[in-house]
2 protein chains.
Amino acid sequence: MSQPKKTDIAELGEFRLIERVAETTANKQSSTIKGIGDDASVIHYHETETVIANKLLLEGIHFDLIYTPLKHLGYKSVVAAISNIYAMNATPRQLILSIGLSKRFFVEDVDELHVGIKAACEHYAVDLAGFDTTPSMTGLTISITAIGEAPKEKIVYRSGGQKTDLLCLTGNLGAAYMGLQLLEREKRVFNGNSQVQPKLDGYDYILQRYLKPEARKDIIDNMAQSNIVPTAMIDISNGLASDTLHLCKQSNCGVRIYLERLPISSETFKMADEICIDPVTATLNGGDDYELLFTVPVSMYETIRKELQNVDIIGHLCDVSEGNYLVTPDNQAVELTAQGWQ
Amino acid sequence: MSQPKKTDIAELGEFRLIERVAETTANKQSSTIKGIGDDASVIHYHETETVIANKLLLEGIHFDLIYTPLKHLGYKSVVAAISNIYAMNATPRQLILSIGLSKRFFVEDVDELHVGIKAACEHYAVDLAGFDTTPSMTGLTISITAIGEAPKEKIVYRSGGQKTDLLCLTGNLGAAYMGLQLLEREKRVFNGNSQVQPKLDGYDYILQRYLKPEARKDIIDNMAQSNIVPTAMIDISNGLASDTLHLCKQSNCGVRIYLERLPISSETFKMADEICIDPVTATLNGGDDYELLFTVPVSMYETIRKELQNVDIIGHLCDVSEGNYLVTPDNQAVELTAQGWQ
């Protein structure tokens, strides 16, 4: 099967490449004063605080283009960046994107990436307010800065947790990690024999969790409607263990997480069983989940249960002297430890 | 000579690495509400517009660590990012830094980079308000987001140039490019024979322009003092030709630049002569200069000459139908063309 001819970036020129993206970007946020195409982007919020986070996604570390379509990668990059804005209880409004492209990449590849970015921008109502490209020696580099706003009194830091607070978690964990394991397995099989087609049928949920995750805008919206402001919050992108420890350290608290309360989907259990991985390990250290972990006063127990769907109370904070433990159903306490630098 | 032992990043841990930087970072801007260490940084400006730009610097493309000390690279990264904020006639206040590190890099290397970043932050009065690290497969990746503010009426876009405006340029051009040529030459000699010491004495100015450039805060400050607001402005990071064309395109104007008006230092001429490169080519296409190109109404000719030091009037805008030309002393017109994607 012949591939359609692709266009060299040098042929089009960097400036035209940026213009192409600008031309197909329709900014909708009233706070976007100046978008793509100047030395900087200009934003104006009224009375609110500005919340900014940058996410750097590197080929070979954060994604493998063998099994990650560029469209999905674009979408996921936006999700990864804005998840940090939601984790402050803020509303993302703008993105600034810079990409490094090696000679392997063509104009059509940038278009594909942009299709995914655009879809995510529409879904989450954010503007692509800045775009720049640079040559790269080594594959694809994506730097994405998310900018949002929140009233001062609504911003939630990692540091506000109190020692009797409930620990709450959105969605479920470990599925994205299982999706990644599946893709890696099929890649190995495929590399061994290119005649074999990858077996991905029936694994839709875990694949979707890895390839096309969503940020928890829904929960942030629900909390706003129900006037719930967490005491502390963090997004789970490095795994529950590591991110819980960050929250506890900054709140100067210890923690108890109850193993039987951990939300794990049946698809995660099924895949874990198939490849002989402990599903709890995937849940604690898996990463790529983009769920939110937050704390609320214990008095809000009933409110959380009634008002928030897709939220589980998985444990509670405690005095810092009591340490950080995972408690098993037979009441054994296993110390929580963070995953290291890989 | 034995090297002091360096510390593996895995040994220290990513979290501690970030903490180390946070601990030695003293935020001074009142607009920095929350700096390093949460999901996002929080900033509050009063009544002004927020101006944001991201710069992606990749090893092998933007810098060569063979001859670029990490300290200088840190300083230069800040300059490259905030130069875009000055080019909007705004004041930079915060930086958000993300770095990708391959296994070649140690904790001490991050410290070195941070020393340079910190020096630049102090010099330009900006806060390092966010810092994150990630593993990398391929060398050092630096993503630096600069955030600043300006009153709405002071912001200068690329698009405001009028067809009789004067074209003004800060500083001089081509010296950074000559510094790079010198370093590349000495690297080749050194690679051929490691007993030969590089000859860098007597080239201080061009080396400094390449290795430790400064952003034109001074000119932006002077313009504010003299109530000068340019009609259009851009920073010269890709070379005068390319950036002039950007300004002209967005202002829907043509341009005349007069060759004899181009500011070129004697050191640039000397090096150009030594390595048989046309100094005008270096000036037009050299890049890495971080000077500002701006336009003002022709009525401001005397004001610019009197009030602004280190600024040359190098030409003027004209009707878009008249095209974009460089005019030589013997009145020949050479069409300005942009450098391509390299």
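I began with strand E4(A), which eight bridges join to strand E5 (residues 127-135) of chain A, the two running parallel. Helices (H or I, at least four residues) and strands (E, at least two) are DSSP runs, numbered from the N terminus, and two strands pair if DSSP finds at least two bridges between them. I noted that Leu95(A) has Leu128(A) as its bridge partner in E5(A). From E4(A) the chain goes through helix H4 (residues 107-124) of chain A to E5(A), a right-handed β-α-β crossover (with the strands pointing away from the viewer, the path from the first strand over the helix to the second runs clockwise).

A note on what I am reading: this is a predicted model, where local features need pLDDT of at least 70 and side-chain atom pairs count only at pLDDT 80 or more, while totals for chains, interfaces and linings use all residues. Residues are numbered from 1 along each chain as its sequence is written, and chains are lettered from A and ligands numbered from 1 in the order in which they are written.

Next I checked the other neighbour of E4(A): nine bridges join E4(A) to strand E6 (residues 141-150) of chain A, and these run antiparallel. Here Leu97(A) is the bridge partner of Ile144(A).

Then I turned to the two chains. I found 54 residues of chain A in contact with 54 residues of chain B (C-beta atoms, placed from the backbone, within 7 Å). Strand E3 (residues 49-58) of chain A gives the largest share of chain A's side, eight residues. Three bridges join E3(A) to strand E2 (residues 41-43) of chain B, running antiparallel; Thr50(A) has Ile43(B) as its bridge partner.

Terms used: Two residues are in contact if their C-beta atoms, placed from the backbone, lie within 7 Å.
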